[in-house]
Every structure is written in structure tokens, then in C-alpha cells.
Amino acid sequence: MTLELLRKPSGRSGLVHRLSPADAGWTYVGFDLWRLAPGATAEGRLEGREAILVLVEGRAQISADGTDFGEMGGRMDVFERSAPHCLYVPPGAAWHAVSTTDCTLAVCSAPSPGGRPAERLGPEGIVLEERGRGTNTRFINNIAMEGRDVADSLLVTEVFTPSGHWSSYPPHRHDVDDFPNITYLEETYYHRLNPSSGFGIQRVFTDDLSLDETMAVSDHDLVLVPRGHHPCAAPHGVELYYLNVMAGPRRNWRFQTHPDFERLVI
């Protein structure tokens, strides 16, 4: 079966992405995206799966697992690079959101045995980090990476790639369950572009090139990374943002750089 790696949004409002593991042809990662006008609602409940709600842009009144968390959201434009407001939702718990402004809400999910409470994960505790050098410099908001014990399976992060820069580079992969050398992690990239009419580039390829796809991504596109290396590029004059969701048999991010690019590793 040929896996469709590039997923276009189904529209401009409402639930524009709905990706379950079955839809993706894999086991762990799920991703939904809601685009809401003021007063619009979104809701969900995932049995056996934890979720992290990320307010990509805008504000909403959110409740989860019987708790009213009030109005959440701070940045009105994702390219402000400020820390996002995020909420952890345990498996089996209902959540409900009513937008108070135009709002983009991501729902990142993965399997979980349960036991954690619903709780805010940001903006507190999320600090913008610079990574790389030269035209490989990018900026990271670690929402729920390994250093934060805030989830059972999910690894979630935001990356801002300046105009003319590369990201997820040098090419690296995490597609083998061989901890601590490398871990198996499925991954999605939710892309945003500034200006929104621009495009970015993402390549997904294995060492033996049995998988080798290069895609021009548009604003709000979703890219699936089932295996292999997955670098991105922002053309001159276009900023690139992406929200990463990763999950696998264990909550550790261990990767291997493509052997032809090891000389670039700092």
C-alpha cells in the first residue's frame, strides 16, 4: 500500500484535519486540527488515548475532564513565536472548546494507560530555544518533549524556521526500536507559512531510497513521517512554522543522522 504523506486540509473552517492511526497506516500518532470562528465549538473524547490541545493561534474557553480552565490562548499570530497555551487531556476524558476569537486548535494524541489529570502545559514552562547555526538556525518551543514529564506517550514541539533556512537538518531518522541508540517514533508535521501564500519544502526518504518523496507544502498542510529522514526548507522570503507530534513504543527521542551528513553535526 502506498502511503499518502502529504495531507491537505479539508476546508477553511471546522475540523480541517482528522488523522487517526488507522488513517495514517501506523500505530501511535493521531492529529486533528480545528479552525474556529468566534463562538464556534470543538469537542472530543479519546478512549485509550491521551491528548495535548495546542492553541496554535487565538483564544478559546476550554474545559476538560470536568474542569473549567477558562479562556486559554495568547498569541493571535503563530509567527509571534511566543509560548503556546496547551492543555493535557487524559484518555477517556471529554473536552470542550468555545472560541472567543478566530482560533486554530490542534489535538495531538497517542496511546496512554491513563492516570494523569487534565492540566495546563503552557505557556508556563515553555521557553523559546535557539538551535543550530548559520542557515540551519531555527527556534524551538518544547511543549512536551522528553525533559518534561507531562505525558505517557506524546512528544510535542513547535519549530520556527527563518526565511532561507533549513530545519530538521542534518537529515535524521527515528524509525527503529533500538533504545538507547535509536527509537521508533511516528511523526506528523503541521505546517504554517508567512506569508500564507508561500510554500515550503519537505523531503521524506530512507537510506536505501525505497521511500523518497519531496513535497511542496502549503499553509495548513500536514505531512506524515512513517520512517526515514525528513528535512524541511524555507525559501527566501518565507518563514516556516511546524508543530511536531511524535509517539512510539517508548517516550524517548533518539535519532541517527544520515551517514552522508554526519560531518555537519555540531
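Of the 266 residues of the protein, 54% count as buried, where buried means under 20% relative accessible area, exposed over 50%, and partly exposed in between (1.4 Å probe, protein chains only). The model is predicted: local features need pLDDT of at least 70, side-chain atom pairs count only at pLDDT 80 or more, and totals for chains, interfaces and linings use all residues. Residues are numbered from 1 along each chain as its sequence is written, and side-chain values use heavy atoms, with hydrogens and water left out.

**Overall architecture**

- The protein contains 1 helix and 25 strands; helices (H or I, at least four residues) and strands (E, at least two) are DSSP runs, numbered from the N terminus.
- Along the principal axes, the C-alpha atoms fill a box of roughly 50 × 40 × 35 Å.
- Among contacts with a separation of 6 or more, 73% are between residues 24 or more positions apart; contact means heavy atoms within 4.5 Å.

**Surface and charge**

- The accessible surface comes to about 11,100 Å², and 48% of it belongs to carbon and sulfur atoms (Shrake-Rupley method, 1.4 Å probe; for residues, only the protein chains shown count as cover).
- There are 24 positive and 35 negative side chains, and the centres of the two sets lie 2 Å apart.
- In this count Lys and Arg are positive and Asp and Glu negative, with His and the chain ends not counted; the charge is placed at NZ of Lys, CZ of Arg, CG of Asp or CD of Glu.

**Nonpolar cores**

- The largest nonpolar core has 53 residues, of which Phe-31, Ile-52, Val-54, Ile-143, Val-156 and Leu-243 touch the most other members.
- Strand β24 (residues 239–247) supplies the largest share of this core, 6 residues.
- A second, separate core of 20 residues includes Leu-53, Met-72, Val-89 and Cys-103.
- A nonpolar core is a set of buried Ala, Val, Leu, Ile, Met, Phe, Trp, Tyr and Cys residues joined through side-chain atoms within 4.5 Å.
- Not counting residues up to four places away in sequence, the residues touched by Phe-31 include His-17, Leu-19, Val-107, Tyr-190, Leu-222, Leu-243 and Val-245.

**Loop residues and their contacts**

- Arg-148 lies in the loop between β13 (138–144) and β14 (155–161). Beyond its neighbours within four places in sequence, Arg-148 is in contact with Leu-121, Glu-124, Gly-125, Ile-126, Asn-142, Ile-143 and Arg-251.
- The C-alpha atoms of Arg-148 and Ile-126, 22 residues apart along the chain, are separated by 9.8 Å.
- Met-76, in the loop between β7 (67–72) and β8 (85–89), counts as partly exposed because its relative accessibility is 38%. Residues touched by Met-76, apart from those up to four places away in sequence, are Glu-57, Gly-58, Arg-59, Thr-101 and Asp-102.

**Backbone features**

- A cis peptide bond with omega of about 5° joins Tyr-169 and Pro-170; Pro-170 lies in the loop between β15 (166–167) and β16 (172–173).
- Ser-168 is in the loop between β15 and β16 and has a positive phi of about 50° although it is not a glycine. Ser-168 is buried, with a relative accessible area of 7%.
- The peptide bond from Phe-179 to Pro-180 is also cis, with omega near 10°, and Pro-180 is in the loop between β17 (175–178) and β18 (182–184).
- Leu-209, not a glycine, has a positive phi of about 60°. Leu-209 sits in the loop between β20 (200–205) and β21 (212–217) and is partly exposed, with a relative accessible area of 46%.
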